[in-house]
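Here's a quick briefing to read alongside the model. Have a look at the fold as a whole, then at one spot inside it.

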Amino acid sequence: GLPRRAMVLAGGYGKRVRPLSATTPKPLVNVAGRALIDHCLDGLAAVGVETAIVNVHYLPDLVEAHLAAREEPKIVISDERVELLETGGGVKKALPLLGDDAFLLRNSDSFWLEGVRANLCWLGEAWHEERMDALLLLASTVRTIGYSGRGDFLLDRDGRLSPRAERTIAPFVYAGAAILHPRLFADSPDGPFSLNM
């Protein structure tokens, strides 16, 4: 099933949305009348996530003040003021707050229009802890609005992903949501590192 704890990545600089991010951290940029991070957290609350660990680094006081008004899910701050740890390092630092079980990972700045059933519910239904360390939500590269890259992954018949080779185009892009198990980080480095290895 779907984990009840989530990690929300909200510490980045928002370089792609400058000049907006000069004074507003990217998670607080308004899209369709709400801050990006509220779209994310509302979606988590809607599928039963009880606690969201949110990392902060860039303009952290603004993010924390914004989150203080939220009631659901419960917010726990993972403070990266001293050093931005990137995606992997940020999750590794937050593992004591996340516990020993699988957890949802969400980018605070990605959102989508839901169908009849929430995409996170589909993700939870596909999760099999005994045979997976990670399960990623993907979107079609060509049908993703606001994305101009070459895609991230190829998908084989068994549902296993392989990264896009250099100078090629891949049919799927990471949609900013995943289920991860803490064992994935057993041999990970200390300090900043990316999950996109």
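How many helices and strands does the protein chain have? This is a predicted model, and its protein chain has four helices and 10 strands. The radius of gyration is 16 Å, close to the 16 Å that the globule rule gives for 197 residues, so the chain is as compact as a globular protein of that length.

**Overall layout**
- Reading from the N terminus, the elements go β-β-β-α-β-α-β-α-β-α-β-β-β-β.
- The C-alpha trace spans about 45 × 40 × 35 Å along its principal axes.
- Take the contacts between residues at least 6 apart in sequence: 67% of them join residues at least 24 apart.

- Of the 197 residues in the protein chain, 40% are buried.
- The chain exposes about 11200 Å², with carbon and sulfur atoms supplying 53% of that.

**A look at Val47**
- You'll find Val47 in the loop between α1 (36–46) and β4 (51–56).
- Val47 has a relative accessible area of 12%, which is under the 20% cut-off, so Val47 counts as buried.
- Setting aside neighbours within four places in sequence, Val47 is in contact with Leu2, Arg4, Ala118, Leu120 and Cys121.
- Asn119 is 72 residues from Val47 in sequence, yet the two are 9.6 Å apart in space, C-alpha to C-alpha.

Conventions:
Residues are numbered from 1 along each chain as its sequence is written. This is a predicted model: local features need pLDDT of at least 70, side-chain atom pairs count only at pLDDT 80 or more; totals for chains, interfaces and linings use all residues. Side-chain values use heavy atoms; hydrogens and water are left out. Helices (H or I, at least four residues) and strands (E, at least two) are DSSP runs, numbered from the N terminus. Buried means under 20% relative accessible area, exposed over 50%, partly exposed in between (1.4 Å probe, protein chains only). Contact means heavy atoms within 4.5 Å. The radius of gyration is taken over C-alpha atoms; the globule rule is 2.2 Å times the number of residues to the power 0.38. Accessible areas come from the Shrake-Rupley method with a 1.4 Å probe; for residues, only the protein chains shown count as cover.
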